[in-house]
Amino acid sequence: MFGLEALDLARIQFAFTISFHILFPAITIGLASYLAVLEGLWLKTHNDTYRDLYHFWSKIFAVNFGMGVVSGLVMAYQFGTNWSRFSDFAGSVTGPLLTYEVLTAFFLEAGFLGVMLFGWNKVGRKLHFFATVMVAIGTLISTFWILASNSWMQTPQGYEIVNGQVIPVDWLAVIFNPSFPYRLLHMSTAAFVATAFFVGSSAAWHLLRGRDNPAIRTMLSMAMWMALIVAPIQAVIGDFHGLNTLKHQPAKIAAIEGHWENVGDEPTPLILFGWPDMKAEKTHFAVEIPYLGSLILTHSLDKQVPALKEFPPEDRANSTIVFWSFRIMVGLGMLMIFTGLWSLWLRKRDALYSSRPFLYLALWMGPSGLIAILAGWFTTEIGRQPWVIYGLMRTADASSGHSFTQMSITLVLFVVVYFSLFGAGLGYMMRLVRKGPVINEGAEPSHGGPGQKRTPARPLSAADDGNHGDSLNKGN
């Protein structure tokens, strides 16, 4: 079917499941830190707007966290079911790294998550804030170990091969492999930027519908400050990451650039647009800017970038895909920087909350961070091909060898279950976003008698769409 083999279906299945999964941890990382900031600001300023926003976003965080855990478990099982040869070959490295993630991050998150979600009005303010901070730190520790494992597959070091298996000999070298620092910073920053635009988009949605209150304005303001500051930083991190990739994975850079061959000693041009043809070994309809490829990728005007024809055909990644996935990521990144700069211009003119063209842009930029993360992941992982562990193990040698029929059935089941389960979860999360923050939510209990103490924030507390919730919204 469509010229696909069982190996192709195994790759598609893993790509499908991880594409769903990566969205949830990205928002979880950003929202966890956002919640810690909100609660910290509330404790410092006693401004109830921050408390109301905390309760609102903690519900969305809880739903997102749950879906991330479920999707992550499914993805992890595939290492044993569809990629057992990879697990047999490199399990002594990847297994402990994933175990460290569970021991140091997941237990930390799970331990304090209950206090964070259900401890409001149950524990002291400082203890509750401490729990929120611990959850935020846990998400970053989890990112650390996951990126250490994946980065090792990109730039492996600190190992020996004994009896056909990878044996770690230097764990510091394994963890802090050459691409790890750049990939950790790049992914963590991407999560913060994606969350900022998610929060900003929800605020813009409410403002466009006439719901203007301090909580909504604070959401948009904080999101745009984050975009203004962090999006340019992400571009700088991406530049350093590109230099590191050029050094350690030059074939990936050649595929990303759609650059097939160098001409004499001429500097490498930057191909803005085109259509790389893997069979013809040529990029059709190329729109080039002379010298710019060398300037961006080598920071010089005379050095050349490695070309695809310098590598055997069997060692080349699919340039057609990574060429465009990279440009989608970069294009969205430039739009994010533009949005942040526009927000600053409007802020100085006291029009940030009233400019409808800007609010529509902020609304449509809501999923931009997540799309950019997916595009970046496609670039990174497809660009590594045909290697599952760069230079050590080919993807074709890593699969379990299931039949085409088996892979077809499981892929169809995954698609049906994922769209049903996570589609419902995402729908519910969007329903929470549409409700918006409730003013005075989670207020401190009064002493006027029974029934006045508020229940702690919980994921399903927005399920009631009755008249009470509507009256609260109308009263705002």
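W387 lies in strand β5 of this predicted model. Strands here are DSSP runs of E of at least two residues and helices are runs of H or I of at least four, both numbered from the N terminus. W387 is buried, with a relative accessible area of 15%; buried means under 20% relative accessible area, exposed over 50%, and partly exposed in between, with a 1.4 Å probe and protein chains only. Leaving out residues up to four places away in sequence, W387 touches D315, L392, M393, R394 and T395, a contact being heavy atoms within 4.5 Å. G436 is another story: 49 residues along the chain separate G436 and W387, and their C-alpha atoms are 46 Å apart.

Some ground rules for reading the rest. As a predicted model, it has local features taken only at pLDDT of at least 70 and side-chain atom pairs only at pLDDT 80 or more, while totals for chains, interfaces and linings use all residues. Residues are numbered from 1 along each chain as its sequence is written, and side-chain values use heavy atoms, with hydrogens and water left out.

The bond from Q385 to P386 is cis, with omega near 10 degrees, and P386 sits in the loop between α12 (368–384) and β5 (387–389). For background, most peptide bonds are trans, and most residues other than glycine have a negative phi.

N163 is not a glycine, yet its phi is positive at about 55 degrees. N163 is found in the loop between β1 (159–162) and β2 (165–168), and counts as exposed because its relative accessibility is 77%. The flanking strands, β1 and β2, run antiparallel and are joined by four bridges; two strands pair if DSSP finds at least two bridges between them. I161 stands opposite V166 of β2, and the hairpin has two residues between its strands.

D277 has K282 of β4 as its bridge partner. Four residues lie between these strands, and E281 takes a positive phi near 55 degrees. Y291 counts as partly exposed, since its relative accessibility is 46%.

Over in the helices, a lysine is tucked away from the surface. K252 is found in helix α8 (residues 250–257) and is buried, with a relative accessible area of 5%. Setting aside neighbours within four places in sequence, K252 is in contact with Q154, T245, T379, T380, G383 and R384. K252 and L308 are 56 residues apart in sequence, but their C-alpha atoms are 8.8 Å apart in space.

Helix α11 (residues 356–364) also has its share of covered side chains: F358, L359, L361, A362 and L363 are buried. The buried residues of α11 pack against α6 (180–208), α7 (214–248) and α10 (319–348).

Now for the whole chain. Its secondary structure comes to 14 helices and six strands. The radius of gyration is 24 Å, close to the 23 Å that the globule rule gives for 476 residues, so the chain is as compact as a globular protein of that length. That radius is taken over C-alpha atoms, and the globule rule is 2.2 Å times the number of residues to the power 0.38. Along the principal axes, the C-alpha atoms fill a box of roughly 80 × 50 × 45 Å. Of the 476 residues, 51% count as buried. Among contacts between residues at least 6 apart in sequence, 79% join residues at least 24 apart.

The accessible surface comes to about 21,800 Å², and 67% of this belongs to carbon and sulfur atoms; areas come from the Shrake-Rupley method with a 1.4 Å probe, and for residues only the protein chains shown count as cover. As for charge, the mean positions of the 33 positive and 31 negative charges are 12 Å apart. Lys and Arg count as positive and Asp and Glu as negative, with His and the chain ends not counted, and each charge is placed at NZ of Lys, CZ of Arg, CG of Asp or CD of Glu.
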